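This briefing sets out selected features of the structure shown below. The points are grouped by topic.

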Amino acid sequence: MQGAKLANQFDVPKALRFEDAPGGLVRAVISTPAAEADVYLQGAHVTHWTPRGQRPVLFVSPKSLFAPGKAIRGGVPIIFPWFGARGDSKPGPAHGFARSMEWAIEGTKLHNDGKVEITLALAPNDATRGFGYADFHLRFRVTVGSKLEMELETRNEGKEPLPYEEALHTYFSIADIDQASVSGLEGTTYIDKTDGFKRKKLGNEPVRVAKETDQVHLSTMATCVVHDPVWNRRIIVEKSGSNSTVVWNPWIDKTKGMSDMAPDDWKEMICIETANAADNAIHLPPGASHTLTASIHVE
């Protein structure tokens, strides 16, 4: 469905409009008294959230592809139903299928306080059935204001338990990775994916990135803070329904091998992912639902 057709049904005057974006994609452009945001139908992908008078909070690579079926590099990709490579040598794209599929619009809403809400949904299709996922239903609600609030609900509509992993793979824009740090994960056990998936324990210090970093911190529901001293700001990531937090930065060599990232992108981004992965994978009973939320604001 093209932007103009969606606009007739779901536009919110002076607050949300649908438009055809480059590459044949469709996005919602949101403007509130407190912030601006963009949400693409492909992947239900939030690519932009900027509080009024501030720098952009989300990072998107200038080399990111905006093309049908291609994951967008940056913003908030939705990871479902597996994290990283699919297990048991089964076929499927890295990080699952949700981030590169077209989602449907369920509704849009202007709140009395000026916040704007958009709800998108993903139901099974021939491609997901081909991967063995025929009985799920995803609903993603984004609320834009002085906070970026995201809610991912998964419902099991089948007769068997639904095991899955999920993440809001959020890319944050920072001034300088060498000076940034992440607090909130002190004392946690994490899987170091850059070191043979060894399990390690973080000491009583913030996470600092000085090499390729891919850490799955387990069994933590803590709020994380990205400290960005050069831009004199802190990005606070609060969450619920999530027992894993992933910290990722590709560093120099890995970035060079990524066609949808510029060579120096690693210097200006860090991912703090609100997740349920590895030990914290969800096992959803028939008829049940589970909701993961992330709430982001800047101080």
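In helix α1 (residues 3–10), the buried residues are Gly3, Leu6, Ala7 and Phe10; buried means under 20% relative accessible area, exposed over 50%, and partly exposed in between, with a 1.4 Å probe and protein chains only. The model is predicted: local features need pLDDT of at least 70, side-chain atom pairs count only at pLDDT 80 or more, and totals for chains, interfaces and linings use all residues. Residues are numbered from 1 along each chain as its sequence is written, and side-chain values use heavy atoms, with hydrogens and water left out. Helices (H or I, at least four residues) and strands (E, at least two) are DSSP runs, numbered from the N terminus.

**Helix α1**
- Viewed down the axis of α1, the buried residues fall within an arc of 110 degrees, so they line one face of the helix; the arc is that of the directions from the helix axis to the C-beta atoms.
- An α-helix has 3.6 residues a turn, so residues three or four places apart point the same way.
- Ala4, Lys5, Asn8 and Gln9, on the other side of α1, are exposed.
- The cover over the buried residues of α1 includes β1 (16–20), β2 (26–31) and β6, where contact means heavy atoms within 4.5 Å.

**The open sheet**
- An open sheet is formed by 8 strands in the order β6-β7-β8-β9-β21-β17-β16-β12, with antiparallel pairing; two strands pair if DSSP finds at least two bridges between them.
- β6 and β12 (181–183) stand at the edges with a single partner strand each, so one side of each lacks a neighbour in the sheet.
- On average, neighbouring strands of this sheet are turned by 15 degrees against each other, direction ignored; axes are lines fitted to C-alpha atoms, for helices over the stretch in contact, and angles run from 0 to 180 degrees between N-to-C directions.

- Strand β7 (residues 116–122) is mostly covered, with 7 of its 7 residues buried.
- Val116, Ile118, Leu120 and Leu122 point one way from β7, while Glu117, Thr119 and Ala121 point the other way.
- In a regular strand the side chains alternate between the two faces of the sheet.
- β7 pairs with strand β6 (residues 104–110) in the antiparallel sense over 6 bridges, and Gly107 has Thr119 of β7 as its bridge partner.
- The hairpin of β6 and β7 has 5 residues between the strands, and Gly114 there takes a positive phi near 95 degrees.
- β7 also runs antiparallel to strand β8 (residues 136–144), joined by 7 bridges; Ala121 has Arg139 of β8 as its bridge partner.
- Strand β9 (residues 148–156) is joined to β8 by 9 bridges, again antiparallel, and Arg139 is partnered there by Glu153.

**Aromatic pairs**
- The structure holds 13 aromatic pairs; rings of Phe, Tyr and Trp (its six-membered ring) pair if their centres lie within 6.5 Å, and planes under 30 degrees apart count as stacked, over 60 as edge-to-face and the rest as tilted.
- Phe97 and Tyr133 form an edge-to-face pair, 5.8 Å centre to centre with 65 degrees between the planes.
- Phe97 lies in the loop between β5 (78–79) and β6, and Tyr133 in the loop between α2 (126–130) and β8, 36 residues apart.
- Phe97 counts as buried at 1% relative accessibility, as does Tyr133 at 12%.

**Cysteines**
- The whole structure contains 0 disulfides, a disulfide being a pair of cysteine sulfur atoms within 2.5 Å.
- The cysteine sulfur nearest to that of Cys224 belongs to Cys271, 13 Å away.
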